[in-house]
Amino acid sequence: MYDYDLLVVGSANADLVIGVERRPGAGETVLGSDLAVHPGGKGANQAVAAARLGARTALLARVGDDAHGRLLLDSQRAAGVDTVGVLVGGAPTGVALITVDPSGDNSIVVSPGANGRLTPQDIRAAACLFHTSRVVSAQLEIPLETVVEVVRALAPGSRFVLNPSPPRPLPAEVLAACDPLIVNEHEAKVLLGDAGVGDDPGDWARLLLAKGPRSVVVTLGARGALVASPEGVARVASVAVDAVDTTGAGDSFTAALAWKLGAGSSLAEAAAYAARVGAVAVTRRGAQESFPTAREVEALRAPEVARRGDAL
């Protein structure tokens, strides 16, 4: 019996956001809006998104013993996430400094802080969490050697989901454990390198699958997603909505997909549900505050899953 539907191992940041009329050049000072502080980080975002949907969720992360760390812990607990695995201390909480201009374009500088101190030893010390979790999800805002240790800590029968963001080359050991590897267009191209990568997302999915993952999902924004496994490639349609802010949408997609896979859905079914979750999230501003409940997701029309090979 699993205690958790999903264990998220990853980053927790405080997002410090200032609106500006234009971003400053070198040596220039500009005035901005009042500072807004929001809980963020890909790991913390995924945990909140899953818990809002009803998944029994735990987070394994590290924050500082400071006000930003308390903000992050409070947001996790308010969403229903079990924070028994959140370590405190060792460095200040990670911070993302974000400036946003009137068009919505942003510039981001991230100080990893405590995220960079989440070590392989921390993973080994949390073995009980891995043994009681049906699915484990990770990203790359923590050290790569820590992600490698996550793979080694997986319990027999559990499933590993990885969003390689920010993208970097991955060891074969990590790739082989991914089921699925979830990438957007930018991440796919970084992982594939410049070895003749074309413009066909179906080809990206097949090439990534050949690198060793058990399955692959390529997210395409308003164009939906592709799911790939040894059985073939299928397209998942998007849901038409009026998007106002895409912040955190990818994190909500990954969390929803991971939860549904653990509940027994097929990869295509889980991706279709995740597309609906992401569609709700982009109709609201912010990251964690935009994530929907299961009831809100059910109010959306379900996207269709194409037959394998259609339009690919």
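**A charge over two rings**

Tutor: The charged end of Lys260 sits over the ring of Trp259, at 4.9 Å from the ring centre. "Over a ring" requires that NZ of Lys or CZ of Arg is within 6 Å of the ring centre and within 35 degrees of the ring normal. The charged end of Lys260 also sits over the ring of Tyr273, 4.5 Å from its centre. This is a predicted model, where local features need pLDDT of at least 70 and side-chain atom pairs count only at pLDDT 80 or more, while totals for chains, interfaces and linings use all residues. Residues are numbered from 1 along each chain as its sequence is written, and side-chain values use heavy atoms, leaving out hydrogens and water.

The structure holds one aromatic pair. Trp259 belongs to helix 9 (residues 249-262) and Tyr273 to helix 10 (residues 267-281), so the pair ties together parts that are 14 residues apart in sequence. Helices (H or I, at least four residues) and strands (E, at least two) are DSSP runs, numbered from the N terminus. Both Trp259 and Tyr273 are buried, a word used for under 20% relative accessible area, with exposed over 50% and partly exposed in between (1.4 Å probe, protein chains only).

Nine strands make an open sheet in the order 5-4-1-8-9-10-11-12-13, and the pairing is mixed (two strands pair if DSSP finds at least two bridges between them). At the edges stand strand 5 (82-88) and strand 13 (232-236), each pairing on one side only. From one strand to the next, the twist averages 15° (axes are lines fitted to C-alpha atoms, for helices over the stretch in contact, and angles run from 0 to 180 degrees between N-to-C directions). Helix 1 (residues 42-53) packs on this sheet, touching strand 1 (4-9), strand 4, strand 8 (133-139) and strand 9 (159-163), and its direction makes about 160° with that of strand 4. Contact means heavy atoms within 4.5 Å. Helix 5 (residues 144-153) packs on the sheet too, touching strand 1, strand 8 and strand 9, with its direction at about 160° to that of strand 9.

Strand 8 has six of its seven residues buried, so it is largely enclosed by the rest of the structure. It runs parallel to strand 1, joined by five bridges, and Tyr4 stands opposite Ser133 there. On pairing with strand 9, the sense is again parallel, over five bridges, and Ser137 has Val161 in strand 9 as its bridge partner. Strand 8, helix 5 and strand 9 together make a right-handed β-α-β unit; right-handed means that, with the strands pointing away from the viewer, the path from the first strand over the helix to the second runs clockwise.

Within helix 5 lies Val148, which counts as buried at 12% relative accessibility. Leaving aside neighbours within four places in sequence, Val148 is in contact with Pro171, Glu173 and Val174.

Val88 counts as partly exposed, at 46% relative accessibility. Not counting residues up to four places away in sequence, Val88 touches Arg62, Val63, Gly64, Asp65 and Leu73.

Four other strands form an open sheet in the order 3-2-6-7, with mixed pairing. Its edge strands are strand 3 (36-40) and strand 7 (106-111), each pairing on one side only. Strand 2 (residues 13-19) pairs with strand 3 in the antiparallel sense over five bridges, where Ala14 stands opposite Pro39. Helix 2 (residues 67-79) packs on this sheet, touching strand 2, strand 3 and strand 6 (94-100); its direction makes about 55° with that of strand 3.

How values were computed
Phe/Tyr/Trp six-rings, centres within 6.5 Å; stacked < 30°, edge-to-face > 60°.
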